[in-house]
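Here are my notes from a pass through this one, in numbered points. Have the viewer open as you read.

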Amino acid sequence: MIVALIDSGLGLLPTAAWLRKLRPDLDLLLLNDPDGAPWGPKPEQWVIDRVLDIARLALGEGAEVIVLPCNTASVQALEHVRTMVGPGVPVIGTVPAIKPAAAACRKVAVWATAATTASAYQADLIARFGGDADITGVACHGLADAIDRGDLPVIADAIADAAARTPADTEGIVLGCTHYPLVLDDILTALPPGVRVFDSAEAVAGQTLRRMDALERPTAGTSTGTVHVLASGRAAQLPTAAATFESGRLLGATAADRLTIS
């Protein structure tokens, strides 16, 4: 069984790495979009059309489960993808871990891109799932773009800037961009001791496996643990910047560029 993960850049790596750890024999199809990245500033209909096109490509390559480990894609295109593929193909989206953070911490900061921080989407999530917690949005200027480039000095500066603008008595940090778990250790180093960090990559991977297993389709002997990459529809390898991060190195060890596009 092939599980496809769709994102504009490297934000798909944390969820894909969790899938690799939890189910090493699972075949993964990683579809990023360097020609269209980043998706966040693009018009909503553009994003919807782009994600739908990539989802069609994934189906053509044999994907039986589709994951959108990208907040922009999940917010704007998730329901459109579900409608297109029908009930026989599970489509799993991503939601920042505001609910568990608010349940565990009295004061929470949501680290996200500037666009997400200012969005009605994040405000709605906080209103729906924030409970009684005091929640502050912190825009991490340039962090996602620097991660996509593997630019370690800019990553360090962006994290330091976000940490400096996070209220001093914050107990929990929600990683509101799927890129950010790639630099989790650097984020933890920049935060005061005892601050908890919440991200959704492991939960999304777990939900993906549950939905996949619920299909009750035979998988024994059919999966080989391969990782194939399509970059804006072209057979490719993971971007060079992926090797900067542990998740990228884990997936790059089995990634190949031999997938034929029909």
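1. Let's begin with T178, which lies in the loop joining β7 (172-175) and α9 (184-190). Keep in mind that this is a predicted model.

2. Is T178 buried or exposed? Its relative accessibility comes out at 12%, and the cut-off for buried is under 20%, so T178 counts as buried.

3. The T178 side chain has polar contacts worth a look. One goes to the backbone oxygen of P69 at 2.8 Å, and another goes to the backbone oxygen of G11 at 3.4 Å. Leaving out residues up to four places away in sequence, T178 touches D7, G11, P14, P69, C70, N71 and T94.

4. P14, one of those T178 contacts, is also among the buried residues of α1, along with L13, T15, A16, A17, L19 and R20. Helix α1 spans residues 13-22, and because seven of its 10 residues are buried, the helix is largely enclosed by the rest of the structure.

5. What covers the buried residues of α1? The cover includes the strands β1 (2-6), β2 (27-32), β3 (63-67) and β9 (227-231), plus the helices α10 (201-214) and α11 (246-252).

6. Now for a sheet. Four strands make an open, parallel one in the order β6-β5-β7-β8. At its edges sit β6 (134-139) and β8 (196-198), each pairing on one side only. From one strand to the next, the twist averages 25°.

7. Zooming in on one pair, β5 (residues 107-112) and β6 run parallel over six bridges.

Key: Residues numbered from 1 in each chain as written. Predicted model: local features only at pLDDT ≥ 70, side-chain atom pairs only at ≥ 80, totals over all residues. Heavy atoms only, no water. Helix = DSSP H or I, 4+ residues; strand = E, 2+ residues; numbered from the N terminus. Buried < 20%, exposed > 50% of the residue type's maximum accessible area, 1.4 Å probe, protein only. Polar contact = N/O pair within 3.5 Å; in protein donor to acceptor, adjacent residues only side chain to side chain. Contact = heavy atoms within 4.5 Å. Pairing = 2+ DSSP bridges. Axes fitted to C-alpha atoms, helices over the stretch in contact; angles between N-to-C directions.
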